[in-house]
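Here is a short tour of one protein model. Look at the sheets first, then at the helices.

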Amino acid sequence: MELVLDIKDLVVHYETEDADVAAVNGISLAIGKKRTLGLVGETGAGKTTTALSIMNLVPDPPGVIKNGSITLAGNDVLAMNDEQLEAMRGNDVAMIFQDPMTALNPVMTVGEQIAESLELHQNMTPEEALEKAKEMLKLVGIAETRAYDYPHQFSGGMKQRVVIAIALACSPKLLIADEPTTALDVTIQAQVLELMKDLINNRDMAMLLITHSLGVVAEVCDDMAVMYAGRIVEKGTVDDVFNNMRHPYTEGLFNSLPNLKEQGEMLEPIKGLMPDPADLPPGCAFAPRCPYATEACTAAVPELESVDGSATHFVACQAYSRPGFALRRNKDGK
Amino acid sequence: MANNPLLVIENLTKYFNTAAGQLHAVDGVSFTLEEGKTLGIVGESGCGKSTTGRCILKLIEPTSGKIIFQGNDITKLSRREMRPLRQKMQMVFQDPFSSLDPRQTVMQLISEPIIEHNLIKGKEAIEARTLELMRTVGLAERYVNVYPHELDGGRRQRIGIARALAMNPKIIVCDEPVSALDVSIQAQILNLLKQLQKDLGLTYIFITHDLSVVKYFSDDIAVMYMGTMVEKAPASVLFKNPLHPYTKALLSAIPLPIVGKDKPKRQVIKGEITAPINLPDACRFMKRCDCPVAGVCDKGNPVLRELEPNHFVACSCLK
């Protein structure tokens, strides 16, 4: 399979005067053409830092990419100079942010905003770019005539469509979407997810979707990786992870969801809180919250290992070295 | 206890005057709520669910309608007359980051309502009550002198809940109490609210856009659309047998965390909510509905009718 993005052993720290914050601690990810990878985790897991690294946009200082390689469409992102990065951002890779209200320029028409990157990256004349901008609007389900309107004249869902049109205008190879539908209402979220799924398929792109919602992952992703405290604890196809999950943290996330439960039953939240990334516990970072943890878990950081020899499904959990170990969920046959 | 409800809302309306015309934020909402029960109010942004919650607590004055609390009509009460009642009607807000004074410690935050309403006298008694409240909501005693910015969202929301509980309320209006929190923390707060209801006999009005949360939590669920209630039913009934086309679409739009053959097919509705200004006399959902009937749906905005026992729907097309 042709890889659009290949991240190997990425380590990113934020070094401030008070602390050395270990935001990303050695993650490896790959996304192939027409595939969508969901990166799941809670606030502070390092999802957004990972995404920013791909565009080499980690704020420096305090952010430092300490180790690893990022290959985007065959090019080494971390070796690029500023000029090459400028050419790459918005052209080969585009990003959609959570909040469409603040991602748009309030004093430019949406047509101009879509045309801007086309003029810059594809050397189009302003007239050509505006024509293409109208085409893009049509593609995301907005009437061409609205190209002359300003962002405040659009609703939240429409603004996010405009942001998608801007991101896709230059036909990027990779689209990074950071919580693209979190700020939208549920019926509008459904519309936008549907649109994104179609566009990825029809335009031969790849997508990295960052979200905390397992429902959204089930809806649009092919593969997924679960992040905890800057590490990937489990990855695989969505079928692997949803129907055959192996990591205790993944199990905890699913147990916390209200919609699977019958009414009246108590939810089973994960006890405690995510550890402070400036002061990670030794060994497995999830061990202090893990219902299955033993002393062996604090001895060393577990490596991602294949689940039963699977080529797609990997889990980083020391407990599987114990004979007969299984998650409660898998034992009960739920 | 059906003949002795804690709260009765009759035909509640709230109109705002805007430059574009009169905005019908809440338009003829009625329901009754028995003690110890939970009513979930669901809907998308701008449907009037928060305005309804605020009108019930008289944080904003309703335009018309009646609010009857414990048998007394409180609609026309002045701010001064409302003051003793405030103790019994509390609110928990969405954002635990902006709803707490950043310059007060946890002790000050939780004891403030006790002192303000003169519930307990004497410094020691107030401190003891504050610590008791902290235990009730699961805040460790070591946090007593810290400031909100030192705490995560879940703990801050626990402070918000403790402040509401300080008054020994009868009813708490929870406006999106877990929307700003991560899933694992969300579950902790939902469990806490549920436990408190069991222990203290609280009545909740639970306002949220997240249908999965209300399903878990509510006895009855009311679905709002553009200021009106379009469907109201016991939670289990609403999820199993939704009747209004909007409720169906709303349920179908939830992204379910299921992969594989059990995954239900999704139905995506077209269009968006528009502001309820200068409304024609027709069904407000008609423009987005996939089965509008000419000559029926454009003749008057339908009112709630009881189509099955305890299952109310506002749709002219349904018999």
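Predicted model: local features only at pLDDT ≥ 70, side-chain atom pairs only at ≥ 80, totals over all residues.

Residues are numbered from 1 along each chain as its sequence is written, chains are lettered from A and ligands numbered from 1 in the order in which they are written, and side-chain values use heavy atoms, with hydrogens and water left out.

Helices (H or I, at least four residues) and strands (E, at least two) are DSSP runs, numbered from the N terminus. Two strands pair if DSSP finds at least two bridges between them.

**The sheets**

| Sheet (chain A) | Strand order | Pairing |
|---|---|---|
| Open, 8 strands | E6-E7-E8-E3-E9-E10-E12-E11 | mixed |
| Open, 4 strands | E2-E1-E4-E5 | antiparallel |

In the sheet of 8 strands, the edges are E6 (93-96) and E11 (305-306) of chain A, each pairing on one side only. Strands E3 (residues 36-40) and E8 (residues 206-211) of chain A are parallel and share 5 bridges. A:Leu37 has A:Leu208 of E8(A) as its bridge partner. Helix H10 (residues 248-256) of chain A packs on this sheet. H10 touches E3, E9 (223-228) and E10 (231-237) of chain A, and its direction makes about 100 degrees with that of E9(A). Touching, or contact, means heavy atoms within 4.5 Å. Axes are lines fitted to C-alpha atoms, for helices over the stretch in contact, and angles run from 0 to 180 degrees between N-to-C directions.

The sheet of 4 strands has E2 (20-32) and E5 (75-76) of chain A as its edges. E1 (residues 3-15) of chain A runs antiparallel to E2(A), and 10 bridges join them. A:Glu15 is bridged to A:Asp20 in E2(A). Helix H1 (residues 47-54) of chain A lies across E1, E2 and E4 (63-72) of chain A, at about 115 degrees to E1(A).

**A helix pair**

The axes of H4 (residues 110-122) and H6 (residues 156-168) of chain A come within 8 Å and cross at roughly 25 degrees. H4(A) and H6(A) are therefore roughly parallel (angles under 35 degrees). The contact involves A:Val110, A:Gln113, A:Ile114 and A:Ser117 of H4(A), with A:Val162, A:Ala165 and A:Ile166 of H6(A).

**One residue**

A:Thr36 lies in strand E3 of chain A. Is A:Thr36 buried or exposed? At 4% relative accessibility, A:Thr36 is buried (under 20% relative accessible area, with a 1.4 Å probe and protein chains only; exposed is over 50%). Beyond neighbours within four places in sequence, A:Thr36 has contacts including A:Ile200, A:Met207 and A:Leu209.

Notes: Parallel < 35°, antiparallel > 145°, perpendicular 65-115°, else oblique.
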